[in-house]
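I opened this notebook to keep track of what I looked up, entry by entry. The structure comes first, then my notes.

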Amino acid sequence: MPNVLIVGASKGLGDALVKEYSTTGNNVFAITRGEPPEPMPRVTYIGGIDVATERAGRDLVSVLNQYNMKIETVIITAGYFGAESFDEPSWEKEVKMYTISSIAPVFLVHHIVKANLVSKGSKIMLVSSESGSITLRHESEGGGNYGHHASKAALNMVGKLLSLDLKDKGIAVGIVHPGFMRTEMTKSVGFDKFWDDGGAVTPDQAAKSLVEFTKGFDIGKTGEYWAPRGPG
């Protein structure tokens, strides 16, 4: 039975991915920052892993090593969105967003690979956002939200660089935009007013399309940015 690792599994897309993978014949290792949710069949919850800290990768590997297994698919979907504007930027929010979105994945993947938890044929998917695309940013959308959008742009580059480092090992790295979602995160920054016009989907819908896309993802697509549900 394939082993899947989901980082950022407590709510939203991460929680939906745990449910989708665990009910379709996979063993899931679900990583959360706080106390893990109630147990589920085929799901091993690992709590207390805060990806905003330098020790997160080491702590995660120390637990995973106890299971003596290989991981076929890693999905890193931990995120944070702190709203900003030009008039009210936030140093603290920006540091947190960059740390979680574009610094943490480097160290998590480093420790996972060095611990030989993944091998040739494994897939590492980094959940990004089209908000990190310079090309798709339109004048009508305005500015602001510097930390969120720019940290996703940085994540896109991180994914590309990781793909180059891991290609010779046969480990594929994908950068994916799962779609505009109806989550507490988007609601918390006032984006719920765009849900209907923007065609926002539920985390369950986004999870299904991401899981299906990941099945066909391989080393031939490594280092590329994908939107399985299309833009938006």
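Entry 1: A salt bridge here is a side-chain nitrogen of Lys or Arg within 4 Å of a carboxyl oxygen of Asp or Glu. Accessible areas come from the Shrake-Rupley method with a 1.4 Å probe, and for residues only the protein chains shown count as cover. I also noted that this is a predicted model, in which local features need pLDDT of at least 70 and side-chain atom pairs count only at pLDDT 80 or more, while totals for chains, interfaces and linings use all residues. Residues are numbered from 1 along each chain as its sequence is written, and side-chain values use heavy atoms, with hydrogens and water left out.

I then found I103, V106 and F107 making a nonpolar surface patch of about 230 Å². F107 sits in helix α3; helices (H or I, at least four residues) and strands (E, at least two) are DSSP runs numbered from the N terminus. I looked up the exposure of F107 and got a relative accessible area of 38%, so F107 is partly exposed. The cut-offs are under 20% for buried and over 50% for exposed, with partly exposed in between (1.4 Å probe, protein chains only).

**Entry 2: the sheet.** In what order do the strands of the open sheet run? I read β3-β2-β1-β4-β5-β6-β7, which is 7 strands with parallel pairing. Two strands pair if DSSP finds at least two bridges between them. The edge strands, β3 (43–46) and β7 (225–226), each pair on one side only. V7 stands opposite I76 in β4.

Also in β4 is T73. Is T73 buried or exposed? I found 9% relative accessibility, so T73 counts as buried. Setting aside residues up to four places away in sequence, T73 touches N3, V4, L5, Y21, K123 and T214 (contact means heavy atoms within 4.5 Å).

**Entry 3: the cores.** A nonpolar core is a set of buried Ala, Val, Leu, Ile, Met, Phe, Trp, Tyr and Cys residues joined through side-chain atoms within 4.5 Å. In soluble globular proteins, nonpolar side chains tend to be buried together. The largest core has 32 residues, and L5, L60, L64, I71, V74 and I124 touch the most other members. I listed the elements that each supply at least two residues of this core: β1 (3–7), β2 (27–31), α2 (56–64), β4 (73–76), α3 (91–114), β5 (123–127) and α4 (146–166). Of these, α3 gives the most, with 6 residues.

Not counting residues up to four places away in sequence, I124 touches V74, V109, L166, I171, A172, V173 and G174. Apart from this core lies another, of 24 residues, among them M125, V176, V201 and F213.

**Entry 4: salt bridges.** How many salt bridges does a search of the whole structure find? The search finds 5. I wrote down some of them.

- D15 and K19 form one, with the closest N and O atoms 3.1 Å apart. They are 4 residues apart in helix α1 (residues 12–22), and therefore separated by about one helical turn. D15 is buried at 17%, whereas K19 is partly exposed at 38%.
- R55 and D59 meet through their side chains at 2.6 Å, N to O. R55 is partly exposed at 49%, and D59 counts as partly exposed at 21%.
- K215 and E212 form one, with the closest N and O atoms 3.5 Å apart. Both lie in helix α6 (residues 203–215), 3 residues apart, about one turn of the helix. K215 is exposed, and so is E212.

**Entry 5: V211.** I stayed in helix α6 for V211. With a relative accessible area of 5%, V211 is buried. Leaving aside neighbours within four places in sequence, V211 is in contact with L17, E20 and Y21.

**Entry 6: positive phi.** Most residues other than glycine have a negative phi. N68 is not a glycine, yet has a positive phi of about 50 degrees. N68 is found in the loop between α2 and β4, and at 74% relative accessibility counts as exposed. N116 has a positive phi too, near 60 degrees, and lies in the loop between α3 and β5.

Technical notes. Patch = residues over 30% accessible without salt bridge, like charges linked within 9 Å, V, L, I, M, F, W, Y side chains within 5 Å.
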